[in-house]
Amino acid sequence: MSSFTVAISADFFTAFAGLPRQQQARVRDFITKFRANPRSPGINYEKIQNAYDPNMYSVRIDDTYRGIVVRQERSGVYLLLWIDHHDRAYDWACRKRCKVHPTTGTVQVFDVQETVVTATDQIETDKGLFGHVTDEQLLRLGVPSEKLPETRALMTLEDLYQRKASYPEDAYEGLEWVANGFDVEEVLETLYEDASSHEEISTDDFAKALTKPGSLMTFAVVEGEEELQGMLDAPLERWRVFLHPTQRKIVARHYNGPARVTGGAGTGKTVVAMHRAKWLAGQLEGDQKILFTTFTANLAEDIQDNLRKICSVDEMKRIEVIHLDLWVARFLQEQDFNCRVIYGEELNNLWSAAIALAGQSLDLPMEFFQDEWSRVVQAQEAFTQEDYLRASRRGRGMRLDRRKRIAVWKVFEVFLHLCHEQRIRDVEMAMYECRRIIRRRFDKPLYASIVVDEGQDLSMSAYRLLRTMAGEERPNDLFIVGDAHQRIYRNQAVLSHCGVNVRGRSSHLRVSYRTTEEIRKWAFRLLKGISFDDLDQGNDDGSLCLSLTHGPEPVVRDFASLDAEFAYLLEAIRGLEAQGTPLRDICVVARTNRLLDEYVRRFLQAGVRTYEIKRSKLDDRSLDGVRLATMHRVKGLEFDHVFVVAANKDIIPHPRAIADHDEVSLMESMTRERCLLYVALTRAKKSAHVTSYGGISEFVAEIMEPQES
């Protein structure tokens, strides 16, 4: 074991990403040598004069570039903090302090500035942003003692936002929560690991401090060369290395049974799920495997691609990533169950045939029978007329007496007959068949653990199948992440009704890392007044979420014509490109593929490169071009700038997506359309635009009056 520890800060990776490619190559060489032996005679440490921190040193990269290092010889810790041109690196180092916080025990890097507070100023600071917070509470929030006067002098939220870069990340997070009205003790309990711990903190032991979850939010302890090179290959992908303490706690927790994680858009649910899969893979023995599954094919492909970035080859061999419908089809084929799973138009045609052959006279649309089949028959496995007559229809909008239920069952009976006769199944029936086979032929769980992403989109049948695949309830068997506010498909399940008991094993992520607070709040207003579940009969009002980044409000514009809308779109995108934004970081989102085709044609005529994100392929980030995607396909992705186009009153909500055979169905389908728009907007990290022509969507009109073109 080495007698030293090398850790690299998140800020170092950010600075590295901004270097010219030639300098990056030299820095790579230096870091490789530094990680191998930071005490090597070839590493030239130079003490930085006039620095606040006596442990601050520079290291020579080449003639013009310097790295900034804090070293603690006693504990054998070497921290790489920054990399820049010689003069700029020294300027950065002179104003910084790196120390172990005496209350939280985390390693912090922060700006130090002289702040003189007079008696008159003290009276004013009592009325400031944190006038109601004691010094002891500020220290428990992670504020360095050197920054207490500066913190007391903050009068407005804007003052705090402007000072963000000068604070340690953990301290700033706590301050923003408190500044937005959250109770100090609640913030401490929710966001800070061991907030109530009375553990003695050694401010002279960097090695011990680096083991704290709070430190690992901004420092990566580098263990091997392969890991280091992976960090340098994608230095801006912080999710690969740096987890929030609340995320890290969930990832590495031992659960006595199924666990559930909820959280709003951008809170890192999928990141947690991926790191959980990696952690679980490291616990396996023998030939055990983990299943990582989700609802759609494209999300499964995105997840597999990202898992490769954080997992070793051996870990990846133990993780099977596949969307659930494909797993079902493959399993039935492997078990020689001779049937085909059908979807879409083919399934609709089968339902139309069943309705016609049954001769039912209820004058109900096909969508009613499909919903009744999924929500009542499949959900309760009421596969006989007797069971269906007894089944609960609570929550269904249309009332059916016994006579009408019998008439409805005749359609289901014909549908079942056609399925068996033609050797075809809808996916819900196929899942039921899989469960029957597993129970008959397998006496052990199919997987050591199952991780589920976008859990809000799975049906009751899906969760029953997952429960069967995982076997009897046991430690770490199922790990489910989801957010009902992003439910854009018809499926809905109650975990406890599917044999998945998560009581006492639930977590909620509260910090949004993707989008700005302005975009998050604006988008969430689309869902105002709608009740959302927490996947298990509880309520999730979405209020316990906050983004720590800030920017402009979404731009809303309604134009007289498509020509005028596209002219605005083109000008805005060219403006972003002129400011240095790569086209790949801009996404144009529309409700349907047909609409997208028109924008692709117009971009082509204007000489703008485009890249369509299709259901059947990954977003290849090596290829430049404005991204174009439907609202469904953009789910799970993120971009610096998002333009939701053709948000017209006759397109959003989309007429073909609205089920209006009863009030409940109408409300549910309208909610899904709202969720689609919410999902599209919350893909944006920096700016969001909503444009339309000929009248804007009623959803947007409810929020604000669009600016006139």
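Ser9 is found in strand 1, which covers residues 5–9; strands here are DSSP runs of E with at least two residues, helices are runs of H or I with at least four, and both are numbered from the N terminus. The model is a predicted one, in which local features need pLDDT of at least 70 and side-chain atom pairs count only at pLDDT 80 or more, while totals for chains, interfaces and linings use all residues. Residues are numbered from 1 along each chain as its sequence is written, and side-chain values use heavy atoms, with hydrogens and water left out.

Ser9 counts as buried because its relative accessibility is 4% (buried is under 20% relative accessible area, exposed over 50% and partly exposed in between, with a 1.4 Å probe and protein chains only). Leaving aside residues up to four places away in sequence, Ser9 touches Leu80, Leu81, Thr218, Phe219 and Phe242, where contact means heavy atoms within 4.5 Å.

The buried residues of helix 15 are Ala297, Asn298, Leu299, Ala300, Asp302, Ile303, Leu307 and Ile310. These pack against helix 14 (269–281), strand 10 (290–293), helix 16 (313–317) and strand 11 (319–321).

The axes of helix 17 (residues 324–334) and helix 23 (residues 460–470) come within 12 Å and cross at roughly 60°; axes are lines fitted to C-alpha atoms, for helices over the stretch in contact, and angles run from 0 to 180 degrees between N-to-C directions. Helix 17 and helix 23 are therefore oblique to each other (under 35 degrees is roughly parallel, over 145 roughly antiparallel, 65 to 115 roughly perpendicular and the rest oblique). The crossing of helix 17 with helix 23 is left-handed, meaning that the near helix is turned anticlockwise from the far one by less than a right angle, whereas clockwise is right-handed. Leu324, Trp327 and Val328 of helix 17 make the contact with Ala462, Leu465, Leu466 and Met469 of helix 23. By class, this contact has seven nonpolar, no polar and no charged residues (Ala, Val, Leu, Ile, Met, Phe, Trp, Tyr, Cys and Pro are nonpolar, Asp, Glu, Lys and Arg charged, and the others, Gly among them, polar).

For helix 8 (residues 169–179) and helix 9 (residues 184–191), the axes come within 9 Å and cross at roughly 140°, and the crossing is right-handed. Glu173, Gly174, Trp177 and Val178 of helix 8 meet Val184, Val187 and Leu191 of helix 9, a contact with five nonpolar, one polar and one charged residues.
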